[in-house]
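User: I have a structure open and want to learn how to read it. Where do I begin?

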Amino acid sequence: MATTQMPSKIETRLFINGEFCPASDAGMFPLKSPTTLETVATVPEASAQDTEDAVAAAKAAFPAWSQLSPHDRGVYMNKLADLILESEKDLAYLEAISMGRPISGYWDAKAAAKKLQYYASCGWNGQGRTSLNTPGFVNMTLRQPYGVVAVIIPWNVPVYFFINKMAPAIAAGNTVVIKSSEKAPLTSVRLAQLIQRVGFPPGVINVLSGHGNISGSILSHHMDVRLITFTGSGRTGRLIQQAAAKSNLKNVVFELGGKSPTVVFADADLEKAAKEAAYSIQWNSGQVCMANSRVYVHASVADRFIALFKESFQSVTMGDPTESRVNHGPQADEVQFNIVNRYIESGKKDGELILGGTGVPDHKGYFIPPTIFVQTPENSQIMKEEVFGPVVNINTFETEAEVIQKVNASEFGLYAAVYTRDVNRAMRFATSMQAGTVGINCTSPTGAFDLPFGGWKSSGIGREGIHHSLDNYLETKTVLLKVDGL
Ligand code: NAD
């Protein structure tokens with residue numbers, strides 16, 4: 001039973017300088033439901049001219065916006081939070097039909113509203129320091145916004161990423177151009193409608209739909225964009241960083257991919273560990289940067305743990321993500337579906353398949369069932385690269401030293417987890433695992449609102465979080481004031 005209805009008309013146009021408009025060259029791209037494979041919308045592809053217009057609008061809006069008090073900027077942001085909460089059902093529905101996210105687990109709107117409410121009052125924290133440590137001087141630092149910030153987001157949790165980046169950027173006084181993912185553009189346009197309803201000054205927030213080429217690439221190379229904040233793959237992150245280097249050395253904040261390990265010792269609560277680790281790789285059909293796609297279990301409890309994991313992982317309800325009973329939707333599109341299937345085929349050559357690994361004949365969409373491989377060599381492709389699907393590799397280990405070496409033999413370092421009742425061992429792992437976040441007796445997506453999130457190694461540059469993000473969007477200036485007679 002479908003619990004939400006298609007809104008009567010889906011807005012798809014670009015949002016530039018406070019107005020909705022078609023692409024300047026009338027370019028459009030089709031958006032297919034990954035469940036029904038039918039076209040659910042045709043979406044304007046932002047042209048080079050549209051991207052230029054959006055940056056110009058943001059640049060023009062910057063002086064007035066940056067001069068507002070944090071309180072006055074916050075008034076707009078709080079109103080937007082209210083409208084997002086009112087629109088929760090629409091947003092969930094639009095995500096379900098575009099990238100297959102089940103409405104049953106849709107938390108993004110509430111989380112986005114909470115973040116907006118926090119950042120609505122956090123502009124006041126944009127403060128520098130003062131110093132009397134240089135004789136004859138009263139010195140200080142000022143924190144000032146960069147100007148135009150480009151925000152490029154992926155398709156897996158779009159509303160949350162849109163707000164998580166945009167809110168601290170505008171709270172700090174910047175203006176923004178946001179480019180959504182071509183796989184999930186509808187909720188970003190819906191947010192643009194709410195932004196227009198709030199009455200933000202034109203140009204403060206501009207929203208483009210389109211592919212990496214054209215609009216993403218132009219934003220990355222643009223001389224008027226002083227900072228780019230990006231969540232997505234390492235491959236694209238590298239292209240953006242090259243573009244930044246070739247243009248104006250714009251600052252970058254990157255949240256990239258992962259190949260997160262979870263280590264389970266014999267003394268752990270095995271039922272809890274199995275259930276949580278299975279959820280970590282199943283949620284959002286495994287399309288989660290921090291999903292624990294590598295699980296290492298102590299050989300002495302491997303059989304029991306794997307049986308528990310399998311039981312939990314396979315008990316999903318696959319189907320139409322607009323139905324409230326469903327908790328396992330399709331992969332986002334044909335490209336993702338094919339990528340995941342290619343990894344499954346390579347996994348079959350290297351490891352032992354004990355669950356899934358086949359198509360789902362009774363669904364015509366891009367469904368991939370929960371899939372488990374065991375005893376896969378550490379140097380095989382599927383152990384090294386991000387699959388981004390409901391596919392897990394479970395290997396066994398004997399000693400701490402051996403498993404730490406395996407955990408850290410990855411170019412990724414986003415999240416790592418350890419399950420053990422031994423506090424000394426837990427802390428040895430917390431300090432030696434190379435990851436931006438370590439869970440002890442918990443795994444991803446467990447997080448903490450007030451602590452930083454980000455990746456070590458190739459999983460990212462910089463940190464996001466309520467005490468950290470504002471800092472990303474403020475430049476620092478040292479002012480030296482010589483005082484006669486001091
Ligand atoms: P992607 O890199 O393919 O695309 C992300 C965005 O970049 C899209 O908007 C895309 O249009 C744009 N883009 C593509 N080419 C570009 C270019 N040349 N210049 C500028 N922009 C360009 O990633 P995706 O498939 O949308 O998302 C999945 C990836 O994101 C996974 O690797 C996942 O781990 C990662 N991710 C990381 C986090 C995190 O917090 N660390 C969170 C979610 C997703």
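Analyst: Start with a definition: a helix axis is a line fitted to C-alpha atoms over the stretch in contact, and angles between N-to-C directions run from 0 to 180 degrees. Keep in mind that this is a predicted model.

User: How is a pair of packed helices described?

Analyst: Two packed helices are described by the angle between their axes and the distance between the axes. Take helix α2 (residues 70-86) and helix α4 (residues 108-120). They pack at an angle of about 165°, and their axes are 8 Å apart. An angle over 145 degrees counts as roughly antiparallel, so α2 is roughly antiparallel to α4.

User: Is the crossing of α2 and α4 left-handed or right-handed?

Analyst: α2 passes α4 in a left-handed crossing.

User: Which residues of α2 and α4 meet?

Analyst: From α2 come P70, G74, M77, N78, L80, A81, D82, I84 and L85. From α4 come A109, K110, A113, L116, Q117, Y119 and A120. By class, this contact has 11 nonpolar, 3 polar and 2 charged residues.

User: Can we try a second pair?

Analyst: The crossing of α13 with α14 is right-handed. On α13, the contact residues are E400, V403, I404 and N408; on α14, they are R425, R428, F429 and S432. This contact divides into 3 nonpolar, 2 polar and 3 charged residues.

User: How many residues surround the ligand, and which are the closest?

Analyst: The ligand is surrounded by 30 residues, and the closest are E182, S233, T236, L256 and E386. Now look at single atoms. A backbone N or O atom of I153 is 2.8 Å from a ligand oxygen atom. For W155, a polar side-chain atom lies 2.9 Å from an oxygen atom of the ligand. L256 has a polar backbone atom 2.7 Å from a nitrogen atom of the ligand.

User: What should I look for in the backbone?

Analyst: Most residues other than glycine have a negative phi, and most peptide bonds are trans. L249 has a positive phi, near 50°. This leucine is in the loop between α8 (234-246) and β11 (251-255).

User: Is the peptide bond from S444 to P445 cis or trans?

Analyst: That bond is cis, with omega near 10°. P445 is in the loop between β19 (437-440) and β20 (456-457).

Methods
Residues numbered from 1 in each chain as written. Predicted model: local features only at pLDDT ≥ 70, side-chain atom pairs only at ≥ 80, totals over all residues. Heavy atoms only, no water. Left-handed = near helix turned anticlockwise from the far one by under 90°. Helix = DSSP H or I, 4+ residues; strand = E, 2+ residues; numbered from the N terminus. Contact = heavy atoms within 4.5 Å. Nonpolar A, V, L, I, M, F, W, Y, C, P; charged D, E, K, R; others polar. Near = heavy atom within 4 Å. Polar contact = N/O pair within 3.5 Å; in protein donor to acceptor, adjacent residues only side chain to side chain. Parallel < 35°, antiparallel > 145°, perpendicular 65-115°, else oblique.
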